[in-house]
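Have the sequence and the 3D view ready.

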Amino acid sequence: MKTSQDPVRDYLSAVEREASALPADRRQELLADLAEHIEVTRAERPDAVIGEILAELGDPRTIAATALAESGTGPAASPAWGGSGAPVRRGKVHPLVPLLMLALAQLFGIAFPDDGGPLVGGLVRITGAVLLCTSVHWTASRKVIGFLLTFGLPSVAMTIWNLSEGGPKGGGPALAANLAVLVLASATAAWLWRVRRV
């Protein structure tokens, strides 16, 4: 029996072969998603054996059948990337929900600075962070980056501003600081939207 020198390439070739009925652009997108998933998993778990990672992804036929079913060009298949016949876990919350909560939470504090706006904004930000961290739409490393940039860093900055004498006081500096947090959170949310798992 011939042993492979590159099991990842062989695995992706098998998926490509099984998914040959998919349109070329969708097939390339599927292969790119799989390759990225393998790369991220290897980075997160450097001691993992590549065979284990590929087994976790599932059988190439199952992946191809699922992609064909989702595109409407093949028979329906229930198992997907979960491997071992387990159905794929779908998110119960649309990925846009936590991103909007994290990006727009600062607006409550800007719009209603004396009427509980900061409190409502803080609760919205916490809820968005929890939804982001429990979502299936991002890898663990992207969740950490998103959490730090939309929740962690702004929370630390606001705490320092509120507890120190050097924080922004008055309308202009406070508004500028709030707008900076809003821009950072919005830019991070836009990045998370682009790199989400479909």
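Is the crossing in which H6 passes H7 left-handed or right-handed? H6 passes H7 in a left-handed crossing, where left-handed means that the near helix is turned anticlockwise from the far one by less than a right angle, and right-handed means clockwise.

## Before we go on

This is a predicted model, in which local features need pLDDT of at least 70, side-chain atom pairs count only at pLDDT 80 or more, and totals for chains, interfaces and linings use all residues. Residues are numbered from 1 along each chain as its sequence is written, and side-chain values use heavy atoms, with hydrogens and water left out.

Helices are DSSP runs (H or I, at least four residues) numbered from the N terminus.

## H6 and H7

Helix H6 spans residues 117-133 and helix H7 spans residues 140-163. Their axes (lines fitted to C-alpha atoms over the stretch in contact, with angles from 0 to 180 degrees between N-to-C directions) lie 9 Å apart at an angle of about 160°. That makes H6 roughly antiparallel to H7, a term for angles over 145 degrees.

Contact means heavy atoms within 4.5 Å. On the H6 side, the residues that meet H7 include Arg-125, Ile-126 and Ala-129; among their partners in H7 are Phe-147 and Phe-151.

## H5 and H6

Helix H5 (residues 96-111) and H6 have axes that come within 8 Å and cross at roughly 165°. H5 is therefore roughly antiparallel to H6. H5 also passes H6 in a left-handed crossing.

Notes. Helix = DSSP H or I, 4+ residues; strand = E, 2+ residues; numbered from the N terminus. Parallel < 35°, antiparallel > 145°, perpendicular 65-115°, else oblique.
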